[in-house]
Amino acid sequence: MRRTHDLSPTPLATVPAWMTPATLLRVSVAVAVLTIVLKTLAWWVTGSVGMLSDALESFVNLAGAVFALAMVTIARRPADEDHPYGHHKAEFFSSGFEGILIIGAAIAIVWAAVSRLLTPQPVEQVGWGSALLILSSACNGVLAWYMLRAARVHHSKALEGDARHLFTDVWTSAGVLIGLVAAMLTGWHWIDPLVAILVALNILREGGSMLWESSQGLMDEALPHDQLQSLEQVLAQHSVASDGAVRFDSLISRRAGSRNFLDVHMHVPAEWTLGRAARLRTDVETALMQAVPNLRAIIEILPLGQDTVFETVASQAAAGEAPQGQ
């Protein structure tokens, strides 16, 4: 069984009730507009290509926040006839879209920085530019911290993706500020575009990471290792409590946005009544849902020693045998 890790939070993380993904993403849209104004003004007064690169990424922040808000809205729709498992995977589209935007911004930054690197120019009014940059970074940093905390509580990939993007923006601004001050102190004007290129490479790495994680979510990635361990412990406890009369196997898990899904087979003695088996299944389902939040568990009851037709055919195929009946 393949096990994976994610950025899931500690169970102790809490946030105020009003900090829902939709509310925080609306705040993110407003903050993105504010930072665009501040960083564009900083670039205007300094002429720094690093400032320009930072302002370009803020436009990406705005587009990403708007798209994330749309995906969160879709993900909250209840299951319907065409989508019986719900719309939770829409959040993975948001994370992937932000990853693509980040990569695009990094390429644009490199393009502008290389041109300035070939023809270095002095920067002006560094004090005003730095103050505006620090103010915008403070807004992004505070918002990103709250968003990431809320993402862990609500298990929202869209919110997590936007928070990580904002943290990347904070580091971008820090790098730009260092390059700006260094260029001013040394008189080496090429430092400004060089730092912009280094910042772009870091942005590119973050964008690639987000795009990869999004693709894994869309491909029904298994639950994280710690959550799978918790589920297996629950099943083992019920098996031990029955003195081995009950056995669990064929555990399969997947994630879909904020929802977790689990399929498992519960083998019981053939002489048990259906009512007794059903009562045990209810107890097991309850324990599993308490162990992992937002879990939908489907437990199939089978007599001991009997497998499903699918498992039998798959086992025969793995062994190179012809399925029975052919």
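**Salt bridges and burial**

Modeller: Glu-160 and Arg-164 form a salt bridge, with their closest N and O atoms 3.9 Å apart; the term denotes a side-chain nitrogen of Lys or Arg within 4 Å of a carboxyl oxygen of Asp or Glu. This is a predicted model in which local features need pLDDT of at least 70 and side-chain atom pairs count only at pLDDT 80 or more, while totals for chains, interfaces and linings use all residues. Residues are numbered from 1 along each chain as its sequence is written, and side-chain values use heavy atoms, leaving out hydrogens and water.

Biologist: What separates Glu-160 and Arg-164 in helix H5?

Modeller: Helices are DSSP runs of H or I with at least four residues, and strands are runs of E with at least two, numbered from the N terminus. Glu-160 and Arg-164 are four residues apart in helix H5 (residues 157–186), so their separation is about one helical turn.

Biologist: Is Glu-160 buried or exposed?

Modeller: Buried means under 20% relative accessible area, exposed over 50%, and partly exposed in between (1.4 Å probe, protein chains only). Glu-160 has 9% relative accessibility, and therefore counts as buried.

Biologist: Which residue forms a salt bridge with Asp-249?

Modeller: The structure holds two salt bridges. In one of them, the closest N and O atoms are 2.9 Å apart, and the partner of Asp-249 is Arg-247.

Biologist: What is the relative accessible area of Leu-198?

Modeller: Leu-198 lies in helix H6. This residue is exposed, because its relative accessible area is 51%.
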